[in-house]
Amino acid sequence: MSWSLQVARAFGIPIRVHLTFLLIVAWGAFTWGSQHGARGALFGVVSMLLLFVSVALHELGHSVVAQRRGLAVREILLLPIGGIAALDGKPSRPRDELWIALAGPAVNFVIAVGLGAAIFGLNAAGHFDLAAARAMTPGGSTLVALLLLGNLTLGLFNLLPIFPMDGGRVLRALLAGRFGMERGTRWAAGFGQVAAVGLGAFAVLSGALVLSVIAVMIFFAAGRERMEAKALGAMKGLRAADLAQVPGLLLEPGDSIGHAVAKALRTSDGVLPVVLGETLLGVVTRAELALAMQRGRAHEPVAAIASKAWVEVELGTPVETVIESMDGARAVMAVVHDDGVPVGVITRDHLHSAVLLSSLAGPPKTVAPGAPSGVAPRDRTEW
Ligand SMILES: [Zn+2]
């Protein structure tokens, strides 16, 4: 993601900070500085940074458990409103989701208990200034107390059963274990949307700006998950063969790029297969053809720019597996017979439109190619 800087790396996961994060540090400096001068401003900066170290550790908690359960973690991103751990794929078993979801808040509770013990020990040794902490005077005692409160709040807030927050994921995992993933998601996400409205109303009435932004984001994220679950339910039973787009036009490896463009004008297919006899040699997108033309490569053979990066699925592959496999940068699938002879292709756009249609109208009989995507089957989850 642009506008972000990598600040650390842990367990092989890049930890990045979004530049808008500086706003929250500046806000900390301003709030504390306006009451306590330069010392207060410094305190504001340090306490904000340490609070976000706690947020990063929360995300690492999710990430490490996800890694243990076979999911790769792309990055952890810290934003002013909190952190996001971007996981490749989704936990397939409710039990995995349960443990991944619980791991984040658990980290905050462990930190809170550690800080509580530290305060207890310091106080017994006469090194904890309880009066200063109560009066919120900038200093060591106040800092430890604030971090304790911050971690308790982080752990408890995230456990609210509002999907897709951690507590909502726990709820979904419990429902999914009993009623299946689709119904579990629809119920948890539906409840999450209702609860997000309540949270938003509370945030507006109490003037909590950040909380109201979070409530809006939760509302839309839950809505997207609910639509996706509904679409998956509607598409149940479909196979790769039902989604395979039979190309209107085939390219031959010897076709020049200029000739391929002329052919492409006669079809709306987003991806054109390059075929020799019954063998699929590669795939070319319209955008790649346009780029090659721009670079003056019109006379070169199309085979020179054809990509071999596609995923093969057999005719009988269930749609759930097709969606899961639609990962990576290229995201073109060749649908093949048992003997490997290609039948058609499925592209990401194609799949998006199929999911969109299904979420609105039940299983698609025929699927319009290249329709704009509204509900995207996401190949990553954010925690
Ligand atoms: Zn979390």
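Two strands are said to pair if DSSP finds at least two bridges between them. Helices (H or I, at least four residues) and strands (E, at least two) are DSSP runs, numbered from the N terminus. Please keep in mind that this is a predicted model, in which local features need pLDDT of at least 70 and side-chain atom pairs count only at pLDDT 80 or more, while totals for chains, interfaces and linings use all residues. Residues are numbered from 1 along each chain as its sequence is written, and side-chain values use heavy atoms, with hydrogens and water left out.

**View 1. The whole protein chain, for orientation.** Welcome to the overview: the secondary structure of the protein chain comes to twelve helices and ten strands. Its C-alpha atoms fill a box of roughly 85 × 50 × 40 Å along the principal axes. Of the 383 residues, 46% are buried (under 20% relative accessible area; exposed is over 50% and partly exposed in between, with a 1.4 Å probe and protein chains only). Among contacts (heavy atoms within 4.5 Å) with a separation of 6 or more, residues 24 or more positions apart account for 59%.

View 2. Strand E8 spans residues 332-336, and five of its five residues are buried. Both faces are covered, with Val-332, Ala-334 and Val-336 on one side and Met-333 and Val-335 on the other. Strand E7 (residues 311-314) pairs with E8 in the parallel sense over four bridges, and here Val-311 stands opposite Met-333. Strand E9 (residues 342-347) pairs with E8 in the antiparallel sense over five bridges, with Thr-347 as the bridge partner of Val-332. Five residues lie between the strands in the hairpin of E8 and E9, where Gly-340 takes a positive phi near 85°.

View 3. As background, most residues other than glycine have a negative phi, and most peptide bonds are trans. Phe-11, in the loop between strand E1 (4-10) and strand E2 (13-18), has a positive phi near 50°. Phe-11 counts as exposed because its relative accessibility is 57%. Met-136 sits in the loop between helix H3 (130-134) and H4, and its phi is also positive, at about 55°. With 36% relative accessibility, Met-136 counts as partly exposed. In the loop between helix H4 (140-158) and helix H5 (166-179) you will find Pro-164, which is joined to Phe-163 by a cis peptide bond with omega of about 5°.

**View 4. The packing of helix H9 against helix H10.** Helix H9 (residues 257-264) and helix H10 (residues 286-294) pack at an angle of about 135°, with their axes 10 Å apart. Axes are lines fitted to C-alpha atoms, for helices over the stretch in contact, and angles run from 0 to 180 degrees between N-to-C directions. H9 and H10 are therefore oblique to each other (under 35 degrees is roughly parallel, over 145 roughly antiparallel, 65 to 115 roughly perpendicular, and the rest oblique). From H9, Ile-257, Gly-258, Ala-260, Val-261 and Ala-264 meet Arg-286, Leu-289, Ala-292 and Met-293 of H10.

**View 5. Arg-183 and Arg-172.** Arg-183 has its place in helix H6 (residues 181-205) and, at 43% relative accessibility, counts as partly exposed. Arg-183 and Arg-172 are eleven residues apart in sequence, and their C-alpha atoms are 9.0 Å apart in space.
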